Amino acid sequence: MQISKSGILIASLFAIDLCLAADDVDAQLVIYPAKSIITMDPSQPRATAVAVADGRIVAVGDIDSMQAWTSSRPYTIDDRFSDKVLLPGLIDNHLHPFLAAIVLNTVWITPQPWQLPGLDVPPVRTPDKYMARLQKALSEHEDPLAPFITWGYHKLWHGTIHRADLDVLSVETPIIVWQRSFHEIVANTAALRWLGFDIENDEPPVDSDFETGVFSERGIKAALAGLAPYIFEPERLAYGLERLREIAHRGGITTIGDMGIGGYLGLDRELELLRGAFENDATSFRLFLVSSPWGLPAGMDQKLIRDFATRSTSRVRTGKHVKLLADGGFFAQNMRMNFPGYTDGHQGKWMMEPDELMSAARSYWNDGYQVHVHVNGDEGMDVTLNVLATLLEEQPRPDHRFTLHHVGYATTAQIKRAARLGVAISAQPNYLWALADKYAEQGMGADRAAVMSRIGAMVRSGIPTSLHSDFTMAPAAPLALASIAVNRITAEGTLMAPEERISVHKALRAITIDAAFPLRMEDEIGSIVAGKRADFTVLDDDPFEVPPEDLANINVWGTVFEGRVFPLTLQY
């Protein structure tokens, strides 16, 4: 994707206009009547007014119930939400801003359709159509010596593509095909040389192959060394992060958990860039940053992460959390699967070998960190739960909140064991929507594919369960994620394992109060209760009154972030 000066100007104007559109906040009491307020507080589940001062919630109920406040201090009544429904500000506790910024600067060719501000992507679902679309995009590439990067490739729809196939398209343009999961790339010969590899003399990095041009999982680290100066060029990065700001706002998101900062440019530089992009009044959400040793200097990671944990600001938070990685990406079928494995006989991959995961988890656990683990397959789940069981035996910790992220495929027995061990889960429902039909045909078989993202079992087992996008693995739209968990209907229209559906109420908890839990922020956000941050998502319709299949289609009017109103009135 070429970034024009006009694109940067639009992004800059958007930031300025949004800042002007957001209401100033002072200590005066403001009361917002609404058609209905869904509080997510079981003691008072509904209200019709909320009072706000100094960015926090003062009172919840109806206007008459607030007389103790209105009789003793100046107040105003702002009735702009009188025909709207308020939810607690929606939370996406696993979203990577830098990953999003990278992908938003590429050419999208994907099996499923996407509609984002300024981006309308039709589905491409066969090998012939993929190559035709790729050739067309290359023909529109302005500078033949500049790298061409496309995202969204998946071999189950688009066929196997290797270095030789891309060399047919161009011998001079560096072509990089980024797989749908972000866990794999395919490069042509020009791209391998552009990335700095001496393909005649160098040994390929682990999980990489020069002959095919494929870099996956741990091999991505090596490719990123050559990619970083290009993908993080300042104007390009600023453009991508501005687009993410608008996408998150349109999704009604007021808190983002960045699960794994530090792997691209190091903790200090990434923190500096995120503060520069989002520590301002044009931003309608906060970031909670969880660091990862992946990509940090070996032997220095714990010191760097310990220092990083103390560097919170108001909009960009840090804390004693660490993110580790077990097995490979679900979209790439690199997750580690127990018997009977994959239908074609291939094996998944480890991001961290089991012994390495155990050693890292023990080190951070003993230092008092909350541990988050990326895990996708049932073999990965066994290894990760064994790690936790060992840690609890060696050094028991109350309220440890060891959090499993993604959990694409796990058995009911594993989920019950996870509950006994006291885990939290941040689940990825979009795996089911995007992949279940195809994985039933190739890779997993119909029975296991139907029960991927087994969210009903998680909730029934009493596990604090939240939903995340891992954008761009799924749209940064929590209501869409909730809809998948409620309906379990795939992109092909197939109902998969209806027993694993959850109620609308549980799904809303999973993007509000239960999504705050793994971040240890449930005392600040996630429900509309006196004393908490005045974060609201403003909807045109009541999620409990629309048909469940229409949950994803509810219009987000805008958000309120710490008492500032951010309407969705601007076009990107």
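Which residues do ring pairs link into a cluster? The members are Trp108, Trp114, Trp151 and Phe471. The model is predicted.

**Aromatic pairs**

A pair of aromatic rings is described by the distance of the centres and the angle of the planes. The count here comes to 21 aromatic pairs.

Take the tyrosine pair. Tyr130 lies in helix H4, residues 127–139. Tyr153 belongs to strand S10, residues 148–153.

Now Phe331 and Tyr431. Phe331 sits in the loop between strand S18 (321–325) and helix H12 (354–366). Tyr431 is in helix H15, residues 430–441. The pair links distant parts of the chain, 100 residues apart. Both Phe331 and Tyr431 are buried.

**Charges over rings**

The charged end of Arg180 sits over the ring of Phe331, 4.2 Å from the ring centre. Another arginine, Arg397, lies over the face of Trp365. Its distance from that ring centre is 4.5 Å.

**Helices H9 and H10**

How do H9 and H10 cross? Helix H9 spans residues 234–250, and helix H10 spans residues 267–278. Their axes come within 10 Å and cross at roughly 55°. That angle makes H9 oblique to H10. The crossing is right-handed. On the H9 side, Leu237, Leu241, Leu244 and Arg245 make the contact. On the H10 side, the residues are Leu273, Ala277 and Phe278.

**Asp62**

Is Asp62 buried or partly exposed? Asp62 has a relative accessible area of 36%, so this residue is partly exposed. Asp62 lies in the loop between strand S3 (56–61) and helix H2 (67–70). Which residues does Asp62 contact, leaving aside neighbours within four places in sequence? Asp62 is in contact with Thr48 and Ala49. Val407 is 345 residues from Asp62 in sequence. In space, Asp62 and Val407 are 41 Å apart, C-alpha to C-alpha.

Definitions and conventions. Residues are numbered from 1 along each chain as its sequence is written. This is a predicted model: local features need pLDDT of at least 70, side-chain atom pairs count only at pLDDT 80 or more; totals for chains, interfaces and linings use all residues. Side-chain values use heavy atoms; hydrogens and water are left out. Rings of Phe, Tyr and Trp (its six-membered ring) pair if their centres lie within 6.5 Å; planes under 30 degrees apart count as stacked, over 60 as edge-to-face and the rest as tilted. Helices (H or I, at least four residues) and strands (E, at least two) are DSSP runs, numbered from the N terminus. Buried means under 20% relative accessible area, exposed over 50%, partly exposed in between (1.4 Å probe, protein chains only). A charge sits over a ring if NZ of Lys or CZ of Arg is within 6 Å of the ring centre and within 35 degrees of the ring normal. Axes are lines fitted to C-alpha atoms, for helices over the stretch in contact, and angles run from 0 to 180 degrees between N-to-C directions. Angles under 35 degrees count as roughly parallel, over 145 as roughly antiparallel, 65 to 115 as roughly perpendicular and the rest as oblique. A crossing is left-handed if the near helix is turned anticlockwise from the far one by less than a right angle, and right-handed if clockwise. Contact means heavy atoms within 4.5 Å.
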